[in-house]
Amino acid sequence: MTTAKPLRVGMVGYAFMGAAHSHAWRTAPRFFDLPLQPQLTAVAGRNASGVRAAADKLGWESTETDWHRLIERDDVDLIDICTPGNTHAEIAAAALEAGKHVLCEKPLANSVEEAERMTVVAEAAAKRGVFAMCGFSYRRTPALALAKRMVDEGRLGTIRHVRAQYLQDWLSDANAPMTWRLDKSKSGSGSLGDIGAHSIDAAQWITGQKITGVSALLETFVPERPLAGDLVGLGGHGDVGQDAPRGAVTVDDAAIFSARFDGGAAAGGAVGVFEATRYALGRKNAMRLELNGTKASIAFDFEDMNALSFYDAAESPDAGFRRIFVTEPEHPYVGNWWPTGHGLGYEHGFTHQVVDLVHALAQGSQPEPSFADALQVQRVLAAVEGSAANSSQWQKV
(Lines give C-alpha, C1' and ligand atoms only; values in the text may rest on other atoms or scores of the structure.)
Protein backbone atom coordinates (compact mmCIF):
# COMPACT_ATOMS: atom_id res chain seq x y z
CA MET A 1 0.00 0.00 0.00
CA THR A 2 1.18 3.53 -0.76
CA THR A 3 0.09 6.92 0.52
CA ALA A 4 1.56 8.74 -2.49
CA LYS A 5 -0.78 11.02 -4.40
CA PRO A 6 -2.05 9.31 -7.58
CA LEU A 7 -0.93 10.32 -11.06
CA ARG A 8 -3.84 9.26 -13.24
CA VAL A 9 -2.69 8.45 -16.76
CA GLY A 10 -4.68 8.43 -19.99
CA MET A 11 -2.92 6.90 -23.00
CA VAL A 12 -3.74 7.43 -26.68
CA GLY A 13 -2.75 4.46 -28.86
CA TYR A 14 -2.12 0.89 -27.80
CA ALA A 15 0.11 -0.79 -30.40
CA PHE A 16 3.91 -1.27 -30.14
CA MET A 17 4.67 1.92 -28.22
CA GLY A 18 1.44 1.69 -26.24
CA ALA A 19 2.44 -1.73 -24.96
CA ALA A 20 5.92 -0.50 -24.00
CA HIS A 21 4.52 2.53 -22.18
CA SER A 22 1.85 0.45 -20.42
CA HIS A 23 4.52 -1.91 -19.11
CA ALA A 24 6.52 1.07 -17.85
CA TRP A 25 3.60 2.70 -16.01
CA ARG A 26 2.76 -0.62 -14.34
CA THR A 27 6.32 -1.53 -13.43
CA ALA A 28 7.94 1.74 -12.30
CA PRO A 29 6.26 1.99 -8.86
CA ARG A 30 7.01 -1.66 -8.12
CA PHE A 31 10.78 -1.22 -8.37
CA PHE A 32 11.28 2.48 -7.60
CA ASP A 33 10.00 4.59 -4.71
CA LEU A 34 7.98 7.25 -6.49
CA PRO A 35 6.54 10.46 -5.06
CA LEU A 36 3.39 9.99 -7.17
CA GLN A 37 1.56 6.70 -7.74
CA PRO A 38 0.86 6.07 -11.46
CA GLN A 39 -2.61 4.73 -12.20
CA LEU A 40 -3.51 3.28 -15.61
CA THR A 41 -6.85 5.08 -15.73
CA ALA A 42 -7.90 4.97 -19.40
CA VAL A 43 -6.64 4.12 -22.87
CA ALA A 44 -8.06 5.52 -26.11
CA GLY A 45 -8.26 4.00 -29.58
CA ARG A 46 -10.63 4.31 -32.53
CA ASN A 47 -11.65 0.64 -32.62
CA ALA A 48 -13.93 -0.15 -29.66
CA SER A 49 -13.27 -3.89 -29.56
CA GLY A 50 -9.56 -3.42 -30.21
CA VAL A 51 -9.05 -0.87 -27.47
CA ARG A 52 -11.09 -2.96 -25.02
CA ALA A 53 -8.93 -6.01 -25.72
CA ALA A 54 -5.79 -3.91 -25.31
CA ALA A 55 -7.03 -2.46 -22.02
CA ASP A 56 -7.68 -5.94 -20.65
CA LYS A 57 -4.29 -7.19 -21.76
CA LEU A 58 -2.21 -4.17 -20.77
CA GLY A 59 -3.93 -3.36 -17.48
CA TRP A 60 -5.97 -0.20 -18.16
CA GLU A 61 -9.08 0.44 -16.08
CA SER A 62 -11.30 1.92 -18.81
CA THR A 63 -11.42 2.86 -22.51
CA GLU A 64 -12.40 5.67 -24.85
CA THR A 65 -12.81 5.66 -28.62
CA ASP A 66 -12.18 9.40 -28.98
CA TRP A 67 -9.07 11.03 -27.57
CA HIS A 68 -11.02 14.24 -27.00
CA ARG A 69 -13.11 12.42 -24.38
CA LEU A 70 -9.92 11.25 -22.70
CA ILE A 71 -8.71 14.83 -22.32
CA GLU A 72 -12.10 15.96 -21.02
CA ARG A 73 -12.10 13.42 -18.18
CA ASP A 74 -11.65 14.83 -14.67
CA ASP A 75 -9.97 11.62 -13.51
CA VAL A 76 -6.98 11.97 -15.90
CA ASP A 77 -3.90 14.03 -14.95
CA LEU A 78 -1.50 13.13 -17.77
CA ILE A 79 -1.91 12.25 -21.46
CA ASP A 80 0.56 9.74 -22.89
CA ILE A 81 0.67 10.01 -26.71
CA CYS A 82 1.66 6.78 -28.51
CA THR A 83 0.18 7.50 -31.94
CA PRO A 84 1.67 8.24 -35.39
CA GLY A 85 3.44 11.57 -35.74
CA ASN A 86 0.72 13.33 -37.73
CA THR A 87 -1.53 13.33 -34.64
CA HIS A 88 0.97 14.51 -32.02
CA ALA A 89 0.56 18.26 -32.38
CA GLU A 90 -3.23 18.37 -32.05
CA ILE A 91 -3.43 15.95 -29.13
CA ALA A 92 -0.54 17.49 -27.19
CA ALA A 93 -1.77 21.06 -27.58
CA ALA A 94 -5.32 20.16 -26.55
CA ALA A 95 -4.08 18.24 -23.51
CA LEU A 96 -1.73 20.98 -22.30
CA GLU A 97 -4.35 23.67 -22.75
CA ALA A 98 -6.76 21.51 -20.72
CA GLY A 99 -4.24 21.39 -17.86
CA LYS A 100 -2.98 17.85 -18.45
CA HIS A 101 0.69 16.94 -18.34
CA VAL A 102 1.93 15.30 -21.56
CA LEU A 103 4.35 12.53 -22.48
CA CYS A 104 4.69 12.43 -26.28
CA GLU A 105 6.52 9.79 -28.29
CA LYS A 106 9.30 10.81 -30.65
CA PRO A 107 9.81 12.37 -33.09
CA LEU A 108 7.86 15.26 -31.62
CA ALA A 109 5.99 16.08 -34.83
CA ASN A 110 6.06 15.70 -38.60
CA SER A 111 7.43 19.17 -39.30
CA VAL A 112 9.39 21.97 -37.69
CA GLU A 113 6.32 24.19 -37.83
CA GLU A 114 4.24 21.69 -35.85
CA ALA A 115 7.06 21.20 -33.35
CA GLU A 116 7.43 24.95 -32.91
CA ARG A 117 3.72 25.34 -32.15
CA MET A 118 3.87 22.45 -29.68
CA THR A 119 6.88 24.03 -27.95
CA VAL A 120 5.14 27.40 -27.60
CA VAL A 121 2.10 25.71 -26.03
CA ALA A 122 4.32 23.61 -23.75
CA GLU A 123 6.32 26.60 -22.52
CA ALA A 124 3.13 28.52 -21.78
CA ALA A 125 1.73 25.52 -19.90
CA ALA A 126 4.95 25.13 -17.87
CA LYS A 127 4.42 28.61 -16.44
CA ARG A 128 1.13 27.25 -15.04
CA GLY A 129 2.81 24.16 -13.60
CA VAL A 130 1.72 21.84 -16.44
CA PHE A 131 4.65 20.04 -18.06
CA ALA A 132 5.44 18.19 -21.29
CA MET A 133 8.19 15.71 -22.13
CA CYS A 134 9.21 13.95 -25.36
CA GLY A 135 9.91 10.22 -25.13
CA PHE A 136 13.48 9.71 -26.30
CA SER A 137 13.75 6.56 -24.20
CA TYR A 138 17.33 5.63 -25.14
CA ARG A 139 18.52 8.38 -22.81
CA ARG A 140 17.45 6.03 -20.01
CA THR A 141 19.61 3.08 -21.10
CA PRO A 142 22.04 2.68 -18.17
CA ALA A 143 25.12 2.36 -20.39
CA LEU A 144 24.29 5.55 -22.30
CA ALA A 145 23.45 7.36 -19.07
CA LEU A 146 26.86 6.26 -17.78
CA ALA A 147 28.45 7.58 -20.98
CA LYS A 148 26.75 10.93 -20.35
CA ARG A 149 28.10 10.96 -16.79
CA MET A 150 31.64 10.26 -18.01
CA VAL A 151 31.48 13.05 -20.59
CA ASP A 152 30.12 15.50 -18.00
CA GLU A 153 32.97 14.55 -15.65
CA GLY A 154 35.47 15.50 -18.37
CA ARG A 155 36.90 12.01 -18.73
CA LEU A 156 36.88 12.19 -22.54
CA GLY A 157 38.38 15.68 -22.73
CA THR A 158 37.30 17.69 -25.76
CA ILE A 159 35.03 15.68 -28.06
CA ARG A 160 36.40 15.51 -31.61
CA HIS A 161 34.37 12.79 -33.33
CA VAL A 162 30.78 11.56 -33.04
CA ARG A 163 29.99 8.35 -34.93
CA ALA A 164 26.36 7.22 -34.84
CA GLN A 165 24.51 4.38 -36.55
CA TYR A 166 21.06 2.94 -36.15
CA LEU A 167 20.77 -0.28 -38.14
CA GLN A 168 17.73 -2.57 -38.48
CA ASP A 169 16.67 -5.07 -41.14
CA TRP A 170 12.89 -5.49 -40.80
CA LEU A 171 12.18 -3.84 -44.17
CA SER A 172 14.79 -5.79 -46.14
CA ASP A 173 12.10 -7.96 -47.76
CA ALA A 174 10.84 -5.87 -50.68
CA ASN A 175 7.40 -7.46 -50.30
CA ALA A 176 6.88 -6.67 -46.62
CA PRO A 177 3.51 -4.89 -46.41
CA MET A 178 2.84 -1.17 -46.28
CA THR A 179 2.39 0.34 -42.83
CA TRP A 180 1.88 3.89 -41.59
CA ARG A 181 5.65 4.15 -41.03
CA LEU A 182 6.10 4.16 -44.83
CA ASP A 183 3.56 6.94 -45.42
CA LYS A 184 5.10 10.41 -45.08
CA SER A 185 1.73 12.01 -44.32
CA LYS A 186 1.53 9.90 -41.15
CA SER A 187 5.16 9.33 -40.15
CA GLY A 188 6.88 12.51 -41.39
CA SER A 189 9.92 10.56 -42.62
CA GLY A 190 11.25 7.01 -42.74
CA SER A 191 14.43 5.67 -41.20
CA LEU A 192 15.51 9.26 -40.61
CA GLY A 193 12.75 10.17 -38.16
CA ASP A 194 11.82 6.71 -36.92
CA ILE A 195 15.26 5.64 -35.72
CA GLY A 196 17.73 8.34 -36.80
CA ALA A 197 16.01 10.78 -34.45
CA HIS A 198 17.14 8.62 -31.52
CA SER A 199 20.76 8.85 -32.65
CA ILE A 200 20.52 12.62 -33.08
CA ASP A 201 19.03 13.12 -29.63
CA ALA A 202 21.50 10.77 -27.93
CA ALA A 203 24.51 12.38 -29.63
CA GLN A 204 23.45 15.92 -28.71
CA TRP A 205 22.47 14.95 -25.16
CA ILE A 206 25.63 13.01 -24.31
CA THR A 207 28.06 15.52 -25.85
CA GLY A 208 26.16 18.58 -24.61
CA GLN A 209 26.56 20.01 -28.11
CA LYS A 210 23.98 20.91 -30.75
CA ILE A 211 24.23 20.02 -34.43
CA THR A 212 24.60 23.24 -36.43
CA GLY A 213 24.84 21.95 -40.02
CA VAL A 214 24.58 18.82 -42.15
CA SER A 215 25.30 17.36 -45.57
CA ALA A 216 22.93 14.50 -46.31
CA LEU A 217 21.83 11.72 -48.62
CA LEU A 218 18.44 9.99 -48.47
CA GLU A 219 17.53 6.86 -50.44
CA THR A 220 14.34 4.89 -51.02
CA PHE A 221 15.19 1.37 -52.20
CA VAL A 222 11.66 -0.03 -52.62
CA PRO A 223 9.21 2.51 -54.11
CA GLU A 224 6.02 0.50 -53.54
CA ARG A 225 4.80 -2.31 -51.30
CA PRO A 226 1.77 -4.61 -50.96
CA LEU A 227 -1.19 -2.95 -49.26
CA ALA A 228 -2.43 -6.26 -47.86
CA GLY A 229 -0.68 -9.06 -46.04
CA ASP A 230 0.23 -10.41 -42.62
CA LEU A 231 2.00 -8.07 -40.23
CA VAL A 232 4.69 -9.70 -38.11
CA GLY A 233 6.29 -7.34 -35.63
CA LEU A 234 7.09 -4.16 -37.54
CA GLY A 235 7.34 -5.98 -40.90
CA GLY A 236 5.67 -9.11 -42.17
CA HIS A 237 4.60 -10.81 -45.38
CA GLY A 238 2.76 -8.88 -48.07
CA ASP A 239 0.24 -10.21 -50.56
CA VAL A 240 2.23 -10.78 -53.76
CA GLY A 241 -0.64 -12.04 -55.90
CA GLN A 242 -0.79 -10.82 -59.49
CA ASP A 243 -3.72 -8.50 -58.82
CA ALA A 244 -2.79 -7.57 -55.25
CA PRO A 245 -2.87 -3.79 -54.74
CA ARG A 246 0.36 -1.95 -53.93
CA GLY A 247 0.94 1.44 -52.37
CA ALA A 248 3.63 4.05 -52.88
CA VAL A 249 6.39 4.33 -50.27
CA THR A 250 6.78 8.06 -49.65
CA VAL A 251 9.60 8.08 -47.08
CA ASP A 252 13.33 7.40 -47.02
CA ASP A 253 14.60 3.87 -46.51
CA ALA A 254 18.10 5.02 -45.57
CA ALA A 255 19.60 8.28 -44.32
CA ILE A 256 23.30 9.17 -44.22
CA PHE A 257 24.70 12.55 -43.21
CA SER A 258 27.77 14.31 -41.90
CA ALA A 259 27.35 16.95 -39.24
CA ARG A 260 29.12 19.70 -37.35
CA PHE A 261 28.44 20.40 -33.67
CA ASP A 262 28.59 23.76 -31.94
CA GLY A 263 31.04 22.76 -29.21
CA GLY A 264 28.98 24.07 -26.35
CA ALA A 265 31.16 26.10 -24.02
CA ALA A 266 34.35 24.65 -25.52
CA ALA A 267 36.08 26.18 -28.51
CA GLY A 268 35.48 24.22 -31.68
CA GLY A 269 32.75 21.63 -31.96
CA ALA A 270 32.93 17.99 -32.87
CA VAL A 271 32.30 16.55 -36.33
CA GLY A 272 29.90 13.67 -36.77
CA VAL A 273 28.78 10.94 -39.15
CA PHE A 274 25.26 9.48 -38.91
CA GLU A 275 23.55 6.53 -40.62
CA ALA A 276 20.04 5.14 -40.23
CA THR A 277 18.54 2.27 -42.18
CA ARG A 278 15.97 -0.50 -41.87
CA TYR A 279 17.69 -2.53 -44.63
CA ALA A 280 20.88 -3.71 -42.87
CA LEU A 281 20.45 -7.49 -43.06
CA GLY A 282 21.46 -9.18 -39.83
CA ARG A 283 21.27 -5.99 -37.74
CA LYS A 284 18.20 -6.19 -35.53
CA ASN A 285 18.46 -3.08 -33.37
CA ALA A 286 22.05 -1.87 -33.63
CA MET A 287 21.76 1.62 -32.17
CA ARG A 288 25.47 2.48 -32.00
CA LEU A 289 27.31 5.51 -30.74
CA GLU A 290 31.04 6.19 -30.50
CA LEU A 291 32.70 9.34 -29.18
CA ASN A 292 36.40 10.11 -29.57
CA GLY A 293 37.86 12.79 -27.32
CA THR A 294 41.28 14.19 -26.54
CA LYS A 295 41.63 11.96 -23.46
CA ALA A 296 39.47 8.92 -24.07
CA SER A 297 36.81 7.23 -26.23
CA ILE A 298 33.54 5.46 -25.51
CA ALA A 299 31.53 3.11 -27.72
CA PHE A 300 28.06 1.58 -27.34
CA ASP A 301 25.88 -0.86 -29.29
CA PHE A 302 22.31 -1.51 -28.14
CA GLU A 303 22.55 -5.10 -29.35
CA ASP A 304 24.94 -5.44 -26.39
CA MET A 305 23.05 -2.93 -24.29
CA ASN A 306 24.43 -3.80 -20.85
CA ALA A 307 28.01 -2.98 -21.85
CA LEU A 308 29.94 0.20 -22.54
CA SER A 309 33.36 0.13 -24.19
CA PHE A 310 35.87 2.64 -22.79
CA TYR A 311 39.40 3.56 -23.83
CA ASP A 312 41.51 5.85 -21.65
CA ALA A 313 44.72 6.95 -23.38
CA ALA A 314 46.42 7.68 -20.05
CA GLU A 315 45.68 4.33 -18.40
CA SER A 316 47.15 1.78 -20.81
CA PRO A 317 47.52 3.17 -24.33
CA ASP A 318 48.45 -0.19 -25.85
CA ALA A 319 45.54 -2.15 -24.36
CA GLY A 320 42.70 -0.83 -26.49
CA PHE A 321 39.10 -0.60 -25.32
CA ARG A 322 38.02 -2.23 -22.06
CA ARG A 323 34.49 -3.45 -21.44
CA ILE A 324 32.41 -2.01 -18.61
CA PHE A 325 29.51 -4.30 -17.71
CA VAL A 326 26.89 -1.74 -16.65
CA THR A 327 25.11 -3.77 -13.95
CA GLU A 328 26.64 -2.38 -10.76
CA PRO A 329 24.47 -0.65 -8.15
CA GLU A 330 26.34 2.63 -8.66
CA HIS A 331 25.48 2.72 -12.35
CA PRO A 332 22.47 4.83 -13.44
CA TYR A 333 19.11 3.21 -12.55
CA VAL A 334 20.61 -0.24 -11.99
CA GLY A 335 20.51 -0.34 -8.20
CA ASN A 336 16.72 -0.71 -8.22
CA TRP A 337 16.79 -3.91 -10.27
CA TRP A 338 18.72 -7.18 -10.03
CA PRO A 339 21.99 -8.34 -8.47
CA THR A 340 25.24 -7.44 -10.20
CA GLY A 341 25.65 -9.15 -13.56
CA HIS A 342 21.94 -9.64 -14.23
CA GLY A 343 21.33 -7.48 -17.29
CA LEU A 344 18.39 -5.31 -18.26
CA GLY A 345 16.36 -5.16 -21.49
CA TYR A 346 14.70 -2.80 -23.96
CA GLU A 347 11.62 -2.27 -21.80
CA HIS A 348 13.61 -0.92 -18.85
CA GLY A 349 14.37 2.34 -20.68
CA PHE A 350 10.66 3.14 -20.72
CA THR A 351 10.38 2.34 -17.01
CA HIS A 352 13.27 4.68 -16.24
CA GLN A 353 11.57 7.31 -18.41
CA VAL A 354 8.46 7.08 -16.20
CA VAL A 355 10.62 7.30 -13.05
CA ASP A 356 12.34 10.50 -14.20
CA LEU A 357 9.08 12.02 -15.42
CA VAL A 358 7.21 11.30 -12.18
CA HIS A 359 10.00 12.78 -10.05
CA ALA A 360 10.09 15.94 -12.16
CA LEU A 361 6.30 16.36 -11.96
CA ALA A 362 6.34 15.89 -8.18
CA GLN A 363 9.05 18.54 -7.88
CA GLY A 364 7.24 20.95 -10.20
CA SER A 365 10.26 21.03 -12.52
CA GLN A 366 10.64 20.66 -16.28
CA PRO A 367 11.21 16.99 -17.26
CA GLU A 368 13.81 16.25 -19.92
CA PRO A 369 13.89 16.04 -22.83
CA SER A 370 11.54 19.01 -23.10
CA PHE A 371 9.56 19.86 -26.21
CA ALA A 372 12.25 22.49 -26.88
CA ASP A 373 14.90 19.74 -26.87
CA ALA A 374 12.76 17.69 -29.25
CA LEU A 375 12.27 20.74 -31.48
CA GLN A 376 16.06 20.92 -31.92
CA VAL A 377 16.01 17.29 -33.13
CA GLN A 378 13.16 18.18 -35.50
CA ARG A 379 15.24 21.02 -36.94
CA VAL A 380 18.10 18.60 -37.61
CA LEU A 381 15.69 16.20 -39.36
CA ALA A 382 14.44 19.06 -41.55
CA ALA A 383 17.99 20.14 -42.39
CA VAL A 384 18.88 16.58 -43.42
CA GLU A 385 15.86 16.45 -45.73
CA GLY A 386 16.69 19.89 -47.13
CA SER A 387 20.28 18.96 -47.84
CA ALA A 388 19.35 15.64 -49.47
CA ALA A 389 16.84 17.44 -51.70
CA ASN A 390 19.53 19.91 -52.77
CA SER A 391 22.28 17.56 -54.00
CA SER A 392 23.71 17.10 -50.48
CA GLN A 393 24.70 20.75 -50.20
CA TRP A 394 25.55 22.00 -46.72
CA GLN A 395 22.43 22.92 -44.80
CA LYS A 396 22.48 24.98 -41.61
CA VAL A 397 20.25 23.84 -38.75
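Let me start with Phe274. Setting aside neighbours within four places in sequence, Phe274 is in contact with Val162, Ala164, Ser199, Ile200, Ala203, Ile211, Ala255, Ile256, Phe257, Ala259 and Phe261. This is a predicted model, please keep that in mind. Phe274 belongs to the largest nonpolar core, which has 80 residues. Phe274 and Phe371 are the residues with the most contacts inside that core. There is also a second, separate core, of 31 residues, and among its members are Ala20, Trp60, Leu357 and Val358.

Leu357 and Val358 bring us to helix α9. It runs over residues 346–363, 18 residues in total, and spans 27 Å from first C-alpha to last, close to the expected 26 Å. Which residues of α9 are buried? They are His348, Gly349, Phe350, Thr351, His352, Gln353, Val354, Val355, Leu357, Val358, Ala360 and Leu361. Just after the helix, Gly364 has a positive phi of about 70°.

Now the sheet. It is open, with nine strands in the order β18-β17-β16-β15-β7-β14-β13-β8-β19, and the pairing is mixed.

Leu289 has Phe300 in β16 as its bridge partner. Helix α6, residues 142–152, packs on this sheet and touches β15, β16, β17 and β18. The direction of α6 makes about 25° with that of β17, the strand at 307–312.

Methods: Residues numbered from 1 in each chain as written. Predicted model: local features only at pLDDT ≥ 70, side-chain atom pairs only at ≥ 80, totals over all residues. Heavy atoms only, no water. Helix = DSSP H or I, 4+ residues; strand = E, 2+ residues; numbered from the N terminus. Expected span 1.5 Å × (residues − 1). Buried < 20%, exposed > 50% of the residue type's maximum accessible area, 1.4 Å probe, protein only. Core = buried A, V, L, I, M, F, W, Y, C linked by side-chain atoms within 4.5 Å. Contact = heavy atoms within 4.5 Å. Pairing = 2+ DSSP bridges. Axes fitted to C-alpha atoms, helices over the stretch in contact; angles between N-to-C directions.
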